[in-house]
Amino acid sequence: MGSLPAYIARRLLVALPTLLVVSFIVFGLQLLLPGDPALLLAGEDRDPEVIAYMRRLYRLDEPIWVQYGDWVLRVVQGDLGESIRLKESVGSLIGAKLWVTAELAVLSMLWAVAIGIPAGILSAVKRDTIWDWSASAVGLAGLSIPNFWLGIMLILFFSVELGWLPASGYVSPWEDPLGNLAALAMPSFVLGSGVAAVLMRHTRSAMLTVLNADYIRTARAKGLAEKRVVRRHALRNALVPVVTLGAIQLGELLGGAVLTEQVFSIPGFGKLIVDAVFNRDYAVVQGVVLVTALAFILLNLVADLIYFLVNPRMRG
Amino acid sequence: MTAVAAAPAGEAPRDRFRAWRRLRRRKAAMVGLAVFAAFILLALAAPWVAPYDPLKTNFLLVRKPPSGLHWFGTDEIGRDVLSRVLWGARASLLAGVVSVTIAVAIGVPLGLLSGYARGWVDGLLMRVTDGLLACPGLILAIAMAAFLGPSLTNAMIAIGITAMPVFIRLTRGQVLAVTVEDYVEAARALGNPPMRIALRHVLPNILPPILVQATLAMAAAILAEAALSFLGLGQQPPAPSWGSMLNVARNFIGQAPWMSWWPGLAIVAVVLSLNLLGDGLRDAFDPKED
Amino acid sequence: MKRLIALAFAATLAAGTAGAQTTLRIGLAEDPDVMDPTTARTFVGRIVFASVCDKLLDIDRDQKLVPQLATEWSWSDDQKSLTLKLRPNVKFHDGEPMDAAAVKYSLERHLNFPGSRRKGEISQIKAITVVDPLTVRLDLAVPFAPLIAQLTDRAGMIVSPKAAAAMGDKFGSAPVCAGPFKWVERVQQDRIVVERFADYWDGGNIHFDRIVYQPVVDATVRLASLQSGQLDLVERVAATDVDTVKRNSRLRLVQATELGYLGISFNIANGDKAKTPLGQDARVRRAIELAIDRDAINQVVFNGLFTPGNQWVSPQSPWYVKSVPVPRRDVTRAKALLKEAGVPNLSFTLNLPSGSENAQVAQVIQAMLQEAGIDMKLRTVEFATSLQMASKGDFEAYLIPWSGRVDPDGNIWTFSACEAAQNDARYCNPEMDKWLKEARSTNDRERRMAAYEQAAKVQAADLPRIYLYHRTWLYGLSGKLQGFQSPPDGLIRVQGLKLG
C-alpha cells in the first residue's frame, strides 16, 4: 500500500484525468443538446440583430473544440466564465450556492445517520423479528417515496396544516440561525430519508457480518453480556464501512438535491444547474458539474483514507 | 473510489440451488418477490383486467372520488384512475427493467473487459467510469433525455446509461477478486482460453452481487422515471406511467387526493418489494451465512 | 423533532416582532433574468420592475393610458412626432434629476445598447429632441400607432444616466431608476430585496418599507407559502387552487383577464412539414377549430375561470372584433369539411411546452378531435428545444402562449405579418398584411378598429393559428392586504397597496 502521503498524491494524480473526462462529458452534452442559447436570450421578440449579437458576444459560432480550449485555458487560471442568463460570474454564483448546498447535504446526512444507523443496528441485533422487519420497512419507505412527492406532503402538513415550518425559501444562518434550521428541516429530512435507507441496510449487513466474526464469538463465549458485545466490539468494527459509505453519499447529495431544492425553492446547486440546463447557460453547467465532480472525488478520497486508517487489514 | 457496497466474492458454484433455498427461507424477500411478481402479472394483464380504456376521457366525470363505478376515482380530465394505474405499471416497470437491462448489458461486459485486460484499457475505462460517477446522475439523465427528446424510451436509455458505471465498477471489482482464486488459477494453468475462463468460471461467480445491484438499480430507475416525469421528460401524455400520474396529481393534492394515492402507493410498493428482494438476495448469496 | 419544531416556532415569533418595518413578501412563479430594462426579457422580471422603474406612461384596469413620468402627451398633425411633457421634480434613486435629458439618454440606450431587447419595440423612433428640461419630442420615420403603448412597458422605463453610464452592462445587477423602491440586493434564485425610496414623487401612495420578491416555482408550494403566512402575495395561483383560496377566510383572490392568449399555431409554409393538408388547406384547420369546444376546455381544466376566445385579443378587450364571434363546436361540419378536403382520417402531431396545465389542455383537445375522427399525437418539447424547432419549421402544429402587449399590434403583427420576427408558420397573406399595416399607421381609433375587423375576417378564413382562450391572472393575497389594482398586464403595482 505504501506510505500515506504517497497514497494521497497518487490518488490526486488519478483525479486529474477523471476531471478531464468530466469536462469531456459536459462539453459532449453541450454539443448534443438541441436548442440555441442565442435564440433563447433574444426573448419573445427574437430580434435577429440581438441573436447575431449574442452569438458574437458568447462566441457560440466557434467550433466546439475552440470553445473547449478557451474554457480549459480560463479554468486553469481560475476563471469559470460568466452566466449568460444572469450576467454574473460563474465563480461567484457557485461560491454563493456552495454553502447552501453543503449545509443542506450535511443536515441531510445528520437525519440519515440519526435514522439509518440505529435502525440498522436494531434490525441486525433483533434479526428476523418484528423489530427487524419494521425497522427495514420504515427505513426503506424513505427510499421508496419519490422526493418531490414527500416534500410536498410535508409542506402541506407542517406548513399549511400546522404552520410550524416555512414552506419555501432559504434563510442564511448568519442572519437567523433558528430560521435557517427551520427552513432546512424539511428539505434535509426529505433528502436524508433516502440516504437513511442506504445507511440502514449497510449498517445491518456490516453488523451481521461482524456479529458472526470469530472475535465476537470469542467475546460471547467469554460470557460478556450481549449488549456489551454489541456496543464495545461489534459496533465499532461495523461502522467503518458505513462511515466510508457516508462520505460517498455526502458527495452524491451535493449534486443530487435537484428536485428537492426545486420543490422547497432552496437556492443551491441543484436549482442552479437545472435552470442552467433548461436555459442552455452552458458556462454555469460546466462550472457546477466541475465543482461537484471535484467535491465528489475529494469526498471519495476522504472515504478511502478513513478506510485506510481505520481498517488494520489494509495498512499492511 | 472503492465500491464499498460490493458484496464479497462468491466461491465456486457448488450448489446452484442453495441460494434459492436460502432465499426461500427469508420471509421479507419472498414477500418482496411475490409483490413484484404480482405487479408484473397485473401489468401484463392490464388489457384484460383494466375496467376502462385508460385514455378514455369523460368531461362530466372530472376528478370524482372513488366510487363503485370508478374504484380509484377519476383523474383531471375524467379518466379512470384504476385503469391508468394498471396500464401505468407497464411503463413504470418497463422503465425499471429496460434501463437496468441496458445498464447491465453495457456495464458488465465493460467491467469484465476492464478487469481482464488491465493495463491502459482498464485505466481508460476506469477514468471514464469515474467521470460518469462524478457527474450528478440526474443532470446527466436530464441532459440526455432533453437531447434524445422526451419519451419513455429515451428516459429509459438515459436512466440506463446513468446507472451503468456502477455495474462497470462492481463487475471489475469482482473480476479482480475472483481471478486470484485457486480454481481460476487452475483453469488457467490447464490452458483454458481467457474467454472460456471468463464465461465458465468468472461470470457465474460475479452474478450474485450484480443481481443484488440490479434489483436495487431497478427500484432507483422507477423513481428516476418519476423524477424525469416531474421535469416533463418521462412518459408522454396521454399514456400513463406512475411517475407522470403522480406528477399531475401533485397539483390536485387538495382537491383530488385520490389521484395521487394510487400511483404513489404503487411506486412505494414496487420499490419497497425490490429493495426487500435485493436485501434477501444479498443475504442468500452471502457465503459467510450459516 | 420536537426540539426543531420548538426552534422553528421561536423563529416565527422572532420574525413577527422584529422592528416596526413593514415588509411586503411577494411570491413569483419564476426566477427573473437580468434586471436591466434595456436587456430584460422575462415576464416575471417586469413584475419586479413595476416597483423599481417607473415608466413614461402606465395603463389602468381598462387598458387606458395614464400618466406616470410623463404627464401629458400629444401627437403632431402628421402623426410623425410625439411630444411628452414630463413630471417636474422627479428624482432617480441616486438623487439625479429625471428630466428630458435623462429620457433622451434612456430611449437612446434602448435603441443603441448592444444586445438591446427594446430596439425592435421602438425602432420607428428616428430622433429624440430635448425641447426644454421637461419636454421631449420623439420623431418617427412613419406614423406608428403602437409606439405609445410601448412606453407603458420596459421601453418606457427611464434609467439614471449617471448610473447607467457608470455600470454599463452590469446595470442589471443593481438598476437605478425613478420608481417607488430602490434596489437593495439580489441573491440569485433566492430573492430580490428593494426598499422604499424616500424621494419618490408619489410617496404618499407607498405604504411599505421593503419588498422581498421570492421565486417559488412550484404552484402548490407557492400557495402553501401564502397559506402559512410566509408570503403576503403570490402571482399565478393555479385555476384549480382557486377554491382553496376562496375557502380560506384569511386569504383573498384577485383576478384580471390577461392581454395575451393561448393558441395553436400551424406550420403554413416553413419547410417540408408544411406540405401537408393541415398546412395547405384552410378547410382542414377550420375542421379542427370546429371540433374544439372552447367552453369545455375552460370548464374542465380551468374551472371556468378563463375566457374562451377566437382572436388575438380577448372578448373583453376594447379591440375585440365583435362581428367575428367565437364559433360553436360542430363535429358534423368538421367531419364534412375533412371529407371535402379529402382527409377524413387526418393525423398530425402537436408540440407542446412542458408543464402539466399545457398537457391537460392538449389531452382535452386530443379527446375532442378524436370525436371528429382526427388523430392528434402529442409531443412535449422543452422550451429551448421548441424555440429552435419552431424557427426551423420542424413542427406541424404547436401550442403557444403569448404574454400579450398593451397595443393589439403587439399581439398580431409579429406572428401574422409576412416575414415578421415570430412568424414561424411563415404565414403570408397580402390581404392580412395590408390591414395590419393600415392599423399600425394611424392613431385614429375608428380607422384602426376598421382595419382590425378586416384582419379578423382574414384570420378566421385562413386560420394560421387557432386562438383558444385568454388566461386569467389569479393573485392570492393575504386578507390584510388592501388596495391591490389588477390591470390586465399581470404586473403587481405597489402604489396604493397597504396592510388593512
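In the predicted model, 42 residues of chain A are in contact with 35 residues of chain B; two residues are in contact if their C-beta atoms, placed from the backbone, lie within 7 Å. Elements giving two or more residues to the chain A side include α1 (4–32), α8 (177–211), α10 (226–256) and α13 (282–310) of chain A. Helices (H or I, at least four residues) and strands (E, at least two) are DSSP runs, numbered from the N terminus. The largest share of this side, eight residues, comes from α13(A). By class, the side of chain A that touches chain B has 29 nonpolar, eleven polar and two charged residues. Here Ala, Val, Leu, Ile, Met, Phe, Trp, Tyr, Cys and Pro count as nonpolar, Asp, Glu, Lys and Arg as charged, and the others, Gly among them, as polar.

Residues are numbered from 1 along each chain as its sequence is written, while chains are lettered from A and ligands numbered from 1 in the order in which they are written. Because this is a predicted model, local features need pLDDT of at least 70 and side-chain atom pairs count only at pLDDT 80 or more, whereas totals for chains, interfaces and linings use all residues.

Chain A also meets chain C. This contact takes 50 residues from chain A and 47 from chain C. On the chain C side, α1 (2–17), α4 (119–122), β10 (210–215), α7 (219–227) and α14 (383–392) each supply at least two residues. α1(C) gives the most, with eight residues. The chain C side divides into 20 nonpolar, 17 polar and ten charged residues.

Within chain C, the domain assignment gives domain 1 (2–53 + 179–257 + 473–499), domain 2 (57–163) and domain 3 (261–470); the bounds come from an automatic or database assignment. The C-alpha centres of domains 1 and 2 of chain C lie 28 Å apart. Their contact takes 16 residues from domain 1 and 19 residues from domain 2. The domain 1 side has eight nonpolar, three polar and five charged residues.

In chain B, helix α5 (residues 119–134) and helix α7 (residues 152–179) pack at an angle of about 140 degrees, with their axes 9 Å apart. Axes are lines fitted to C-alpha atoms, for helices over the stretch in contact, and angles run from 0 to 180 degrees between N-to-C directions. α5(B) and α7(B) are therefore oblique to each other (angles under 35 degrees count as roughly parallel, over 145 as roughly antiparallel, 65 to 115 as roughly perpendicular and the rest as oblique). B:Leu125, B:Thr129, B:Leu132 and B:Leu133 in α5(B) meet B:Pro165, B:Ile168 and B:Arg169 in α7(B). Five of these residues are nonpolar, one is polar and one is charged.
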